[in-house]
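Reader: I am new to reading structures like this one. Please pick a single part, take me through it slowly, and then say how its surroundings are arranged.

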Amino acid sequence: MVSLIPHQTFLLNLRMTLVIMALFFSFHAQANSLEASVDRTRLTENESVTLFLKAPGLELTGDPELAELYQDFEVLAQQVRTNIQIINGENHSERIWEISLLPRRTGTLIIPAITIGDVSSQPITLEVRAEPENTQASADIFLHSEIDHSGSIYVQQQLVYTLRLYYATSISDHGLTDLELENVLMVQLGNRKDFEARIDGRLYNVAEWQFALYPQSSGELVLPPQTFSGRVRVQNRYSLGGLKHIRIQSPEHKINVLPVPDSFPADAQWLPAKSVTLSQQWSGNYAQWQEGTPLTRKLTLQARGLTAAQLPPIEMPVMQGVRQYPEQPQLNEYPENLNQSGTGLVGEKTLSIALIPTATGVLRLPEVRIPWWNTNTNKLEYAALEPLPLNISADPARAPEPEKVKATPSDTIAPPVQSQAGNSFLWQIAALFFSILSAILALFLWQSRQQLIFARQQLLHNLGQNGVAKNQTKTMAFVENPIFRQALLNACQQNQARAAWDAWRKWQRVEAPQTTPEFDKALHQLQMVLFGPNAKPESWQGSDLATASEGIKRVSRQKDQPLPELYPG
C-alpha cells in the first residue's frame, strides 16, 4: 500500500475543493439567471407592452426592482406565475414575472436591466411611433389602417397592409369585411394580435391584423375601406346599458404599381425582394470524394419579401462524369418577426440532388446564378454559388484491371542439357519408368479429346434439329460464373438493399454483363433507396430487381469464330 506524504495530501484536497467550487458556482450561475423578453418591440404611442422576466428553477424569489422603469414607462400591472413540467422523469420548473408597461413618450426607448435578488436581465430596445390621428376622438370604437410603402412599388413586390380595431366598450354581434382585391395575391402574416392603447387620455383595446399583398399587374392599386359592424353597449342617463348598432370604416389607400424594369434580364424570372441568398450543404466531405460514392448536395434559395411559390427553379446543368438524381423541390414560407422593422414574409425553396461520380479526375461543378431585383436599392443583383472544382479519386475497393506482362528472355525455359552420364543401371530404370508413364498420359489425353469432340458434334446436331442455330442469333455465350447472379437474387429475395448493391458491383467489375432498360430502372430505384436524401434501405422490395435481372445478357462471341483448340499443337 502506497501512502501519501502530507504535501501530496494537501495538493489533492486543494484540487478536489476547487473542482467542487467550480461545479457549485456553475450550477448556481445556471439556476440564478434572468431572461427578459417582450411581446413586441415596435408599437404606437399609448399602446401597452408586456415585459416577461423568466428564471429557471424556483430558487429565485422576490419582487423585481422597477425604479429605473418609471422614467420612461408607466407600470400598469404585474403578476408572477410558476411552471412545472416532468420530462423523461426529470422535473423542469421556471418562474415568470409578467409586467404590463405603457410608454410615456415616442422615439427609441430602452427597458433597462431589471434586478431580482442578485441577478439582472439584459436591456431591451423599443421603437414607439406617434399615435394615429383619431377622426372620431369621442368614439367608443373606430378602425385605422396603414401600408408600409408610399409612392410606388413594383409588380409582384410585397406590400404590407395593417388594420387595427380600437374599442373602449364591450361589443357583440360584430363582423369585419374581408379584404378583397382583384389580381392581387394576399397572405395573412401570423394570427391576430391584441393589446391596449391610450389615445387622448382614453384606454382602448386594440385588435391588429397584417397582410402581405403582391399585385400581379402594373397600374394604380386601390385598397378600399374596410367596414366593421356590430352592437356596442351605451350607458347614459336615459339608458342603463342598452345596445346600439354601429358601422364604421377604415381609410382608403392608393399606390402606383410599376412594371418590370427594362434592365432586368428578359429570359429570367422576375424576382423583387428585400434580400435573396443562395446557399448549399453537403451530406459528406466532398474533398475526399471517390468514384461511385454518392453525395447529396442541398441547395437553398431564400428571399425576404416573397412567397415560396414566387421563387424560380434551381437548375444544375447536365455534366459529364457524374450522375444526377434530383428530388422534388421543397417549399417553405413563414412570417418575419412582425415586431421588428423588417415586417413581411420569407420564402424558401430547397432542392436536394444525389450526385454519383462515374470517373476519376477533376470534376468541376458549374456556377449557379439567379438574378433578382433589390427593392431597397432599386438595382439588379445576383445570388450565386461560385464554380466548385473537385478531385475525384479512385475507389480502393474496386478491383484493378490486370496488367499484361511481356515475356523476357530470362523467362524462357532453356532446353535441358543432356547429361554425359554413363550407362548406369539406375539411369536405365528411370528412363524406362518415365517412358511408360508418358505413354499412359498420352493415351488418357487422346481418349479425353475424342470424348469432347463427340460431345461437341452431338450438341451441334441437337441444336440443328431444334432450329436454334438457323433462326436465332449467331452468337454463342460463354458460361458465366453463377455465383454473382445467385448472390444478387438471394439479396433481392431477402429485401436486403445493401447486399444487393454489393453483389451487383462485384458482378459488374468481374464480368461486365449487358443490362436492360428494365434492370437500369430497378437499379436506379435501389440507388435512391440507399443514397438518396430520403434514404430508407429497410423499406426496399427486391422483387422488381430480381425479375429484371433475368433479362441480363451474358457476354458472347460470334458463332462464326471457331472454338479455341483444346490441345493446341
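**A close look at helix α6**

Author: In α6, the buried residues are Phe519, Ala522, Leu523, Leu526, Gln527, Val529, Leu530 and Phe531. Viewed down the helix axis, these buried residues fall within an arc of 165°, so they line one face of α6. The general rule behind such a pattern is that an α-helix has 3.6 residues a turn, so residues three or four places apart point the same way. Keep in mind throughout that this is a predicted model.

The other face of α6 can be described too. Turned away from the buried side, it carries Pro517, Glu518 and Lys521, which are exposed. Exposed here means over 50% relative accessible area, and buried means under 20%. As for its length, α6 has 15 residues and reaches 21 Å from its first C-alpha to its last, close to the 21 Å expected at 1.5 Å a residue.

What covers the buried residues of α6? The cover includes both strands and helices: β23 (295-304), β24 (322-326) and β26 (345-357), together with α4, α5 and α7.

Start with α5. The axes of α5 and α6 come within 10 Å and cross at roughly 125°. That angle makes α5 oblique to α6. The crossing of α5 past α6 is left-handed. On the α5 side, the residues that meet α6 are Ala497, Arg498, Ala500, Trp501 and Trp504. On the α6 side, they are Phe519, Leu523, Leu526, Gln527, Leu530 and Phe531.

Now move to α4. Helix α4 covers residues 482-493, which makes 12 residues, and it reaches 16 Å from its first C-alpha to its last, close to the 16 Å expected at 1.5 Å a residue. Its buried residues are Phe484, Arg485, Leu488, Leu489, Ala491 and Cys492. They cover an arc of only 165° around the axis, which puts them on the same side of α4. The face turned away from that buried side carries the exposed residues Pro482, Ile483 and Gln493. The buried residues of α4 pack against three helices: α5 (497-511), α6 (517-531) and α7 (543-549). Just after α4, Asn495 takes a positive phi of about 55°.

How do α4 and α5 pack? Their axes are 8 Å apart, and the angle is about 165°. That makes α4 roughly antiparallel to α5, since angles over 145 degrees are counted that way. The passage of α4 by α5 is a left-handed crossing. From α4, the contact is made by Phe484, Arg485, Ala487, Leu488 and Ala491. From α5, it is made by Ala499, Ala500, Ala503, Trp504, Lys506, Trp507, Val510 and Glu511. Two α5 residues in that list, Ala500 and Trp504, are also among those that meet α6.

These helices belong to a chain with seven helices and 32 strands. Buried residues make up 35% of its 569 residues. Among contacts between residues at least 6 apart in sequence, 71% join residues at least 24 apart.

Tyr214 has a relative accessible area of 0%, so it is buried. Tyr214 and Val160 are 54 residues apart in sequence, yet they lie 9.0 Å apart in space, C-alpha to C-alpha. Leaving aside neighbours within four places in sequence, the contacts of Tyr214 include Gln156, Asn183, Leu306 and Leu345.

Gln156 sits in the loop between β11 (152-154) and β12 (159-167). Its phi is near 70°, a positive value in a residue other than glycine. Gln156 is partly exposed, with a relative accessible area of 23%. Asn183 lies in the loop between β13 (171-176) and β14 (184-188). The phi of Asn183 is near 60°, again a positive value in a residue other than glycine. At 46% relative accessibility, Asn183 counts as partly exposed.

Conventions
Residues are numbered from 1 along each chain as its sequence is written. This is a predicted model: local features need pLDDT of at least 70, side-chain atom pairs count only at pLDDT 80 or more; totals for chains, interfaces and linings use all residues. Side-chain values use heavy atoms; hydrogens and water are left out. Helices (H or I, at least four residues) and strands (E, at least two) are DSSP runs, numbered from the N terminus. The expected span of a helix is 1.5 Å times one less than its number of residues. Buried means under 20% relative accessible area, exposed over 50%, partly exposed in between (1.4 Å probe, protein chains only). The arc is that of the directions from the helix axis to the C-beta atoms. Contact means heavy atoms within 4.5 Å. Axes are lines fitted to C-alpha atoms, for helices over the stretch in contact, and angles run from 0 to 180 degrees between N-to-C directions. Angles under 35 degrees count as roughly parallel, over 145 as roughly antiparallel, 65 to 115 as roughly perpendicular and the rest as oblique. A crossing is left-handed if the near helix is turned anticlockwise from the far one by less than a right angle, and right-handed if clockwise.
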